[in-house]
Amino acid sequence: MSEQNNIGILGIGTYLPKEIRENKWWPIEVVENWIDDKRRFSSAFDLDALDLEDLSPEAKILIETLNNLKRKPDVFEGSKIRHIMEPNEKTTDMEIAAASIALKNAEISPDKIDFLIIQSTLPDILLDANACIVHKALKLPAACFSHDVSGMCNAFLQQLFVAQGFIRSGIAKYGLLIQSSGMSRLIEREHPSSPFFGDGATAIVVGPVPKNQGVISIKNHTNGGLGSYFTTGVPGKRWYDEGRIKTYILHVSSGPLLNFNAVEQSKLLIESALLESRLDKSELQFYAGHQGMSWFREVTQKAIGIPRANTYDTFGKYASLVGSNIPLVLSLAAQNNILKRGDNVAAFSPGSGMTASGMIMKWMI
């Protein structure tokens, strides 16, 4: 491990829009059409056609969970409410609000921020960085490096990996990482996965901390050969062709491959990060799992083999907030005293493409 300082989370801010969308917002006839719809995340598997003998132990855990889920009549899969942006609200409004809270909680003034990295599912303007709009609103220094990234669900851990390089190298001291979800503007009401997404933003202030504190190890994985599943654009065309941009399923067959790979990578990446951290699974007190689907945290926690680690689920109350999921889990778990100062934390998230990242850190706030 490097003799230089580690990177630590100094403060977290969250912003959730005021409007609440309950399950009754979807018409009964729409819900009834979803019951046998094979486009649903959990139903994108032909479970009866799979040969369990050919599957990895991690994949078998996933299939067992999905079989149990399939027997339940709840098409909302445990999601009950989600926060939705106001008609005139922009993702930069949410990002600015979350960042302001994070800076206050970290007790770091805006003029101390050396870099800003933002991920937004719904940028205000294509080809203009949300980072520049947020930079101006927060009155960050002109010398602050400002950058937009993609990453989708895996955005936070990817941002943290980049930030780690900035801080460990000594070229920067404090950074601001922001994630936001504006999926309600992109996914149509009739889409069977529309209940699974909400809107909101999270922000994290990072800075140097002593060795063996903060982020100890981050491991990454990329597999671009699995195909695209859930995407945004003009269906049947390029995203910039004529037509309304919306979220849709591109290749149904890619769903099982992506999910199997994600579950398998959860075990491989966390074990690799633990090895570098010189920690054992039994020493993990908390697991921050991605909340993209109702079953994902449970399945990956079982696959990793850390059943005794505390956790916190947000899917039922907020649905998926894409790149904001893990920061929201960390923030709420800490507020509810489930995640405590000094706890060893594992975090895992996949991202479309596909990418995946696993992290080990010592919680400090």
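These notebook entries record what I looked up in a predicted model.

**Entry 1. Ground rules**

I number residues from 1 along each chain as its sequence is written. Because the model is predicted, local features need pLDDT of at least 70 and side-chain atom pairs count only at pLDDT 80 or more, while totals for chains, interfaces and linings use all residues; side-chain values use heavy atoms, with hydrogens and water left out.

**Entry 2. Helix H3**

H3 has 16 residues and reaches 22 Å from its first C-alpha to its last, close to the 22 Å expected at 1.5 Å a residue. The expected span is 1.5 Å times one less than the number of residues.

Which residues of H3 are buried? I listed Thr91, Thr92, Met94, Glu95, Ala98, Ala99, Ala102, Leu103 and Ala106. They cover an arc of only 160° around the axis, which puts them on the same side of H3. Buried means under 20% relative accessible area, exposed over 50%, and partly exposed in between (1.4 Å probe, protein chains only). The arc is that of the directions from the helix axis to the C-beta atoms. An α-helix has 3.6 residues a turn, so residues three or four places apart point the same way.

I then looked up what the buried residues of H3 pack against, and found strand S1 (6-15), S4, H4, strand S6 (175-182) and strand S7 (199-209). Contact here means heavy atoms within 4.5 Å. After H3 comes Glu107, with a positive phi near 55°.

**Entry 3. Helix H4 and the residue after it**

In H4, I noted Asn130, Ala131, Val134, His135 and Leu138 as buried. Seen down the axis of H4, these buried residues fall within an arc of 135°, so they line one face of the helix. The cover over them includes H3, S4, S5 and S6.

Lys139 follows H4. Its phi is near 60°, a positive value in a residue other than glycine. I placed Lys139 in the loop between H4 and strand S5 (145-149). Lys139 is exposed, with a relative accessible area of 70%.

**Entry 4. Two further backbone points**

I found Ala319 in the loop between helix H8 (315-318) and helix H9 (325-335).

I also recorded a cis peptide bond from Gly353 to Met354, with omega near 15°. Met354 is in the loop between strand S12 (344-351) and strand S13 (355-362).

Leu10 is in strand S1. Between Leu10 and Met364 I noted 354 residues in sequence and 7.5 Å in space, C-alpha to C-alpha. Leaving aside residues up to four places away in sequence, Leu10 touches Asn105, Ala106, Tyr174, Val205, Val206, Gly207, Val209 and Ile365.

Pro192 is in the loop between S6 and S7, and counts as buried at 0% relative accessibility. The C-alpha atoms of Pro192 and Trp295 are separated by 17 Å, with the two residues 103 apart along the chain.

**Entry 5. Salt bridges**

How many salt bridges does the structure hold? I found eight, a salt bridge being a side-chain nitrogen of Lys or Arg within 4 Å of a carboxyl oxygen of Asp or Glu.

- Glu22 and Lys24 meet through their side chains at 3.6 Å, N to O; Glu22 is partly exposed at 37%, whereas Lys24 is exposed at 70%.
- Asp93 pairs with Lys90, the closest N and O atoms being 3.6 Å apart; Asp93 is partly exposed at 32%, and Lys90 is partly exposed at 39%.
- Glu298 and Lys302 meet at 3.2 Å, N to O; both lie in helix H7 (residues 296-304), four residues apart, about one turn of the helix.
- Lys267, Glu271 and Lys281 are linked in a network of salt bridges.

**Entry 6. A nonpolar patch**

Lastly, I looked up a nonpolar surface patch of about 610 Å², made by Leu126, Leu127, Trp239, Tyr240 and Ile245. Patches are made of residues with over 30% relative accessible area and no salt bridge, like charges being joined within 9 Å and nonpolar side chains (Val, Leu, Ile, Met, Phe, Trp, Tyr) within 5 Å. Accessible areas come from the Shrake-Rupley method with a 1.4 Å probe, and for residues only the protein chains shown count as cover. Leu126 is in the loop between strand S4 (115-120) and helix H4 (130-138).

Technical notes. Helix = DSSP H or I, 4+ residues; strand = E, 2+ residues; numbered from the N terminus.
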